[in-house]
Amino acid sequence: MDKMENLLQVKELKTHFMTMNGVVPSVNGVTFNIKKGEKVALVGESGSGKSVTSLSIMGLIEEPGKIVNGSIIFDERNLVDLREKEMEKIRGNDIAMIFQEPLTSLNPLFPVGKQIRESLLLHQKITRKEAKQRAIELLKKVGIPMPEQVYSSYPHSLSGGMRQRVMIAIALSCEPKLIIADEPTTALDVTIQAQILGILNELSELENTALLIITHDLGVVAEIADRVMVMYCGQIVEEADVFSIFDSPLHPYTEALLKSTPRLNGQEKLASIEGRVPNPLHMPKGCTFHTRCPYAIEKCSSNVPAIQEFRPNHHVRCWLADEEEGGIKIG
Amino acid sequence: MVDNNEYVLEIKGLKKYYKVPNSTTKAYLKAVDGIDLKVRTGETLGIVGESGCGKSTLGNLIVKLIEPTQGEIISSGINLNELKPKQLRNKRREMQIIFQDPYSSLNPRMRIFDIIAEPLVTHKLARGSALKERVLQLMEVVGLDADYLTRYPHEFSGGQRQRIGIARALALNPKVIVCDEPVSALDVSIQAQILNLLIKLQKKFDLTLIFIAHGIQAVNYISDRIAVMYLGKIVEIAGKEQIMNHTKHPYTELLLSSVPISHPKYRNEKVKTVINRESPSPVNLPSGCRFHTRCPYANEKCKKEDPDLVEMKDGHFVACHYPIIKENR
């Protein structure tokens with residue numbers, strides 16, 4: 001039953017970059033599912049492999065990067081095996097993507113309306129006139145005032161928030177089953193961020209579109225996600241529903257991320273994670289987090305922990321999780 | 001006399017206008033449009049606002065990286081406008097700045113030693129072994145390994161680069177450090193490291209910090225007082241507790257309600273002040289109160305009269321005709 005609902009199944013995905021200095025395992029064995037209409041957050045710091053994961057799903061990995069292992073099953077098809085021509089049909093049509101910086105993802109030489117129309121004409125059998133009508137409706141839908149006027153505006157004349165709305169309109173244009181949003185609000189002001197998150201949330205619920213939101217900001221996660229996956233050094237280290245992640249995190253990294261995020265209902269002192277993300281060319285042995293982990297034991301520096309279901313639907317990759325009943329012994 | 005001790009910095013009627021190029025009419029971008037501000041000795045003053053509100057311009061004006069169009073900056077009783085270049089140069093030692101992007105603010109061709117030593121060399125304060133000793137001492141203070149002395153910036157992560165920037169700012173024993181978005185380019189776990197380092201250094205060296213950021217969470221964490229800026233003006237300034245718990249300006253209220261929730265359990269509780277309008281352009285400022293186009297409480301008066309920044313209650317200043325009173329909400 002559960003399996004039936006899965007829209008996207010990523011299995012043992014490995015995307016490596018063959019650089020001059022060696023192989024960078026940006027994504028190193030990632031497995032997860034997204035159900036229809038589900039809102040999932042992929043959380044991690046820079047270099048954790050979260051964006052490479054999303055680009056792998058979209059089939060946008062370029063040289064020297066390569067998917068070296070695993071499968072990406074979407075609607076019963078393995079995207080890894082598809083040819084570029086077939087992938088093009090899926091991109092935009094079934095899976096749409098929203099990027100962090102809308103200015104670089106919009107063509108500066110064409111009015112935004114034309115860009116939405118183009119996407120519609122490419123994927124759907126409709127006339128130009130219908131496409132224009134539909135484009136204006138979409139602009140209205142994402143909360144753009146005076147959509148007719150904005151239709152013929154160029155990207156540079158719009159603010160960051162407006163541009164991101166246009167990107168969302170393009171993403172929605174073909175009624176995709178999955179939208180991947182890579183840091184969609186990071187470049188925006190807080191008041192605009194709140195609006196954009198609201199729109200994404202509302203539209204995903206309205207259209208029953210699944211949403212994979214990639215972010216480093218736990219506030220964004222708290223606002224929007226049903227389920228959360230925490231990524232570190234190319235692997236998912238914890239996965240659970242959003243409440244379990246915030247209430248009872250099992251991985252020391254998740255715990256540390258939560259404690260180091262400043263909040264308004266003031267905490268006394270922010271805990272910081274010492275050290276930094278290891279150099280991907282020289283990954284530590286054993287658990288990749290052990291060099292920064294305050295609870296690390298000897299085993300952590302030699303043996304790689306597997307991801308396991310510690311509580312129902314709560315997965316964690318940590319040696320300490322099975323040592324004690326009730327989670328990691330946090331001292 | 002007393003004033004001199006209490007306030008390390010006094011800003012009066014400060015303005016910075018930029019002429020808009022290629023405009024047929026005489027259009028000006030009013031980045032900073034009349035700011036009065038007193039910075040207390042030893043405090044951390046947070047300045048928060050969205051992009052384009054003029055907060056970085058204000059920071060640059062304070063350390064004299066740019067010249068004001070109008071207005072005065074008085075530092076420990078001395079008007080900076082009246083100083084001769086040489087005097088100003090000495091005065092500059094007291095005020096340093098840390099920038100947002102640790103990737104572009106460090107010269108990629110200089111070694112860490114030279115970067116941190118540069119201000120000491122420029123001001124002829126140390127040389128030879130004394131210089132090296134001082135640099136090593138600064139590196140230790142900010143938590144950088146002595147081994148890094150001869151490395152280049154590209155070998156460091158964002159957090160470490162920001163530490164280098166901080167060490168350089170500390171080199172001249174300044175009284176005031178302007179921190180312009182020092183953590184916004186960093187990862188969350190590193191942000192906490194840098195914020196805690198700044199707090200530690202402030203205590204250790206009795207520094208006055210002016211902490212500029214767009215994220216009110218970080219500002220709230222580090223500051224004693226907070227000034228909220230909107231389109232070139234301060235709209236509200238008060239102690240942190242006052243700003244957070246007794247918000248008076250509708251813009252501050254909007255900023256606070258826009259902050260993402262800290263836990264999913266607040267999803268349904270959160271009162272969302274959704275304002276679907278964006279900030280107007282600082283070239284074409286609205287009449288009257290500049291926030292009236294986005295303000296849910298604005299009326300005719302707000303469209304015509306620009307409110308002054310007035311003190312409502314012990315040190316709580318607000319520029320609004322109809323400030324929020326808690327009971328009414």
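The axes here are lines fitted to C-alpha atoms, for helices over the stretch in contact, with angles running from 0 to 180 degrees between N-to-C directions. Helices (H or I, at least four residues) and strands (E, at least two) are DSSP runs, numbered from the N terminus. The crossing of H5(A) and H8(A) is right-handed, a crossing being right-handed if the near helix is turned clockwise from the far one by less than a right angle, and left-handed if anticlockwise. On the H5(A) side, Val112(A), Gln115(A), Ile116(A) and Ser119(A) meet Val166(A), Ala169(A) and Ile170(A) of H8(A), where contact means C-beta atoms, placed from the backbone, within 7 Å. Sorted by class, this contact of H5(A) with H8(A) holds five nonpolar, two polar and no charged residues. For the classes, Ala, Val, Leu, Ile, Met, Phe, Trp, Tyr, Cys and Pro are nonpolar, Asp, Glu, Lys and Arg are charged, and the others, Gly among them, are polar.

H5(A) also packs with helix H6 (residues 128-141) of chain A: the two axes come within 9 Å and cross at roughly 120°. H5(A) and H6(A) are therefore oblique to each other, and their crossing is right-handed. From H5(A), Gly113(A), Ile116(A), Arg117(A), Leu120(A) and Leu121(A) meet Arg128(A), Ala131(A), Lys132(A), Arg134(A), Ala135(A) and Leu138(A) of H6(A). By class, the contact of H5(A) with H6(A) divides into six nonpolar, one polar and four charged residues.

As for the two chains together, 36 residues of chain A are in contact with 31 residues of chain B. On the chain A side, helix H9 (190-207), helix H10 (218-224), helix H11 (242-247) and helix H12 (252-259) each supply at least two residues. H9(A) gives the largest share of that side, seven residues. The side of chain A that touches chain B has 15 nonpolar, 15 polar and six charged residues. The model scores ipTM 0.82 and pTM 0.88. For chain B, the pLDDT (the predictor's confidence in each residue, from 0 to 100) averages 90, and 95% of the residues score at least 70.

Helix H2 turns up buried in both chains. In chain B, eight of the eight residues of H2 (residues 55-62) are buried, so the helix is largely enclosed by the rest of the structure. Buried means 20 or more other C-beta atoms within 10 Å of a residue's own, exposed means 12 or fewer, and partly exposed is in between, with C-beta atoms placed from the backbone. After H2(B) comes Lys64(B), with a positive phi near 65°. In chain A, seven of the nine residues of H2 (residues 50-58) are buried, so that helix is largely enclosed by the rest of the structure too. The buried set in H2(A) is Lys50(A), Ser51(A), Val52(A), Thr53(A), Ser54(A), Ser56(A) and Ile57(A). H2(A) is followed by Gly59(A), whose phi is positive, near 70°.

Several loops carry backbone details. Pro64(A), in the loop between H2 and strand S4 (65-74) of chain A, is joined to Glu63(A) by a cis peptide bond, with omega about 0°. Asp75(A), in the loop between S4 and strand S5 (77-78) of chain A, has a positive phi near 50° without being a glycine. With 13 other C-beta atoms within 10 Å, Asp75(A) is partly exposed. Glu183(A), in the loop between strand S7 (178-182) and H9 of chain A, is another non-glycine with a positive phi, about 50°. Glu183(A) counts as buried, with 20 C-beta neighbours inside 10 Å.

Two further loop residues are buried. Leu250(A) lies in the loop between H11 and H12 of chain A and has 26 C-beta neighbours inside 10 Å. Arg290(B), in the loop between helix H10 (250-258) and helix H11 (300-304) of chain B, has 25 such neighbours. Leaving aside residues up to four places away in sequence, Arg290(B) touches Tyr230(B), Leu231(B), Lys233(B) and Leu285(B).

Residues are numbered from 1 along each chain as its sequence is written, and chains are lettered from A and ligands numbered from 1 in the order in which they are written. As the model is predicted, local features need pLDDT of at least 70 and side-chain atom pairs count only at pLDDT 80 or more, while totals for chains, interfaces and linings use all residues.

Notes:
Parallel < 35°, antiparallel > 145°, perpendicular 65-115°, else oblique.
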